Amino acid sequence: MNERLDRITTRAKGDAAATFNNVFTLLNNELLFYAFRRLKRDKAPGVDGVTVDDYEVKLQENLQSLEDRLHRGSYRPQPSLRREIPKSGGKTRPLGIACVEEKIVQRAIVMILERIYEVDFCDTSYGYRPGRSCHQALADLGQIIVRERVNFVYDADIAGFFDNVCHEKLVELLGHRLKDQRLLRLITKFLKSGVTIQGTRHDTTKGIAQGSVLSPLLANVYLHYVLDEWFEQQVKPRLTGQASIIRFADDFVCTFERESDAKRFAEVLSRRLGRYSLQLAEAKTKLIRFGRFARRDCQRLGEGAPGTFDFLGFMHYCGTSRSGKFKLKRRTSAKKFGAKVGELKDWFRTQLTTPISIVWPTLVRKLQGHFQYFNVNDNWEMLMKYQEAARRLGLRWMRRRSQKGRDLSWEAYERYLKQHPLPNPGQITDLIAMTRSK
């Protein structure tokens, strides 16, 4: 199987115009077994209530039946189960929970399509791709701002991207490389499989379900053609100065040397997205003066301080080094910080009857996870602020969980913390060094 997948990669690399019209045959028992082994066991079941462990009881029998139905054309995906996941500001994000069998087939499709599209995807795309991370996207954005001629940043936000992807356009874009009609029909079945909300099935005429195994790859294919390739091949050659783009999933930032180029791009971007049933969230989209000369130019033009922008949970702002030179700095964005503290509050509320011997190690792991991502250059103050928020919430939780605990003093709490300390940030993720190593 690996040899057959490797041949797809070799052909895709060797010929950028090559098309693939017989890859559906790879969806056999062997690939389905590999796909099953890559599933996570701790995930919630779909509408049928079957868990990964349940499916494994008769694994070979189940996989053989699945393979037979796929190749007879009788396989019909079950609708995903809709769950609303809380976001900041009291909003929620719809999450689609697929059944185990649907996850297996989707994972197998991803294992095939990655071999084609990982060759095509631009280096400026980072989201949900093997061997790529948020920190790499941040580091490379920093490299662009510091080393290239950047005077303006266009911070854009696509409104409800996952909810508005056009199914027909997506299949059309997949068809640039994928000519296997059986596989395209199978992908269309997943797109049209519907969603179950409070026991009632609803059709899905547009959008791709967040949380599904297949949706990140489909989202990257869509935005590769709609945005990345278009920016590199059609936008940049028409500009008079330098320009770059960095994208992580549906979150992207563009940099420009010249304001006129940035404004021209802003004008055509809305029309470009509109052709593919997408639109910008105008309230979250802005063009700001940014870069090594931003402070000087803002003072000269009477515009006040340079602007800031948020990307991947960090606020980016124009700072200075100890020697007084320009330095790109980052700190946890106010929105992300508020959301993380809010999540911590909500979690504590659900633990009022849980023993402290269970809660405290979990709190330690939560802080360690936060530090692992947000412990980057220049962000120490916000890390300590989050640790202090966790410390105060921990005391409030102890006081609320019992009548006796209400009398717990700060001094007694401090003694407990000495015996069961909250973690400090560990080794910093040096985004500057990560940039220089490229």
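**Helix packing and local features of the predicted model**

Leaving aside neighbours within four places in sequence, T196 is in contact (heavy atoms within 4.5 Å) with V47, P79, S80, L81, R82 and R201. The structure is a predicted model, in which local features need pLDDT of at least 70 and side-chain atom pairs count only at pLDDT 80 or more, while totals for chains, interfaces and linings use all residues. Residues are numbered from 1 along each chain as its sequence is written, and side-chain values use heavy atoms, with hydrogens and water left out. T196 lies in strand β4 (residues 195-197); helices (H or I, at least four residues) and strands (E, at least two) are DSSP runs, numbered from the N terminus. With a relative accessible area of 11%, T196 is buried, where buried means under 20% relative accessible area, exposed over 50% and partly exposed in between (1.4 Å probe, protein chains only).

The loop between β4 and β5 (200-202) holds Q198. Q198 has a phi near 50°, a positive value in a residue other than glycine, and its relative accessibility of 81% makes it exposed. A positive phi, near 65°, is also found at S277, again a residue other than glycine. S277 is placed in the loop between α11 and β8 (286-289) and counts as partly exposed, at 42% relative accessibility.

E257 is located in the loop between β7 (251-256) and α11 (259-274). The residue counts as buried, with a relative accessibility of 16%. Its side chain reaches the backbone nitrogen of Q242 at 2.9 Å, a polar contact (a pair of N or O atoms within 3.5 Å; within protein, one must be able to donate a hydrogen and the other to accept it, and residues adjacent in sequence count only if both atoms are side-chain atoms). Not counting residues up to four places away in sequence, E257 touches R149, N151, F152, G241 and Q242.

In helix α2 (residues 29-37), the buried residues are N29, L31, L32, A35 and F36. Seen down the helix axis, these residues fall within an arc of 165°, so they line one face of α2; the arc is that of the directions from the helix axis to the C-beta atoms. An α-helix has 3.6 residues a turn, so residues three or four places apart point the same way. The cover over the buried residues of α2 includes α1 (2-14), α3 (52-56), α4 and α5.

Helix α9 (residues 181-191) has L183, L184, L186, I187, F190 and L191 as its buried residues. Viewed down the axis of α9, they lie within an arc of 160° and so line one face of the helix. They pack against α4 (59-72), α5 (100-120), α8 (167-174) and α10 (215-235). At the start of α9, a side-chain oxygen of D180 comes to within 3.1 Å of the backbone nitrogen of R182.

The axes of helix α14 (residues 356-374) and helix α15 (residues 380-400) come within 11 Å and cross at roughly 165°. Axes are lines fitted to C-alpha atoms, for helices over the stretch in contact, and angles run from 0 to 180 degrees between N-to-C directions. The two helices, α14 and α15, are therefore roughly antiparallel to each other (angles under 35 degrees count as roughly parallel, over 145 as roughly antiparallel, 65 to 115 as roughly perpendicular and the rest as oblique). Residues I356, V359, W360, L363, L367, H370, F371 and F374 of α14 make the contact with L383, Y386, Q387, A390, G394, W397 and M398 of α15.
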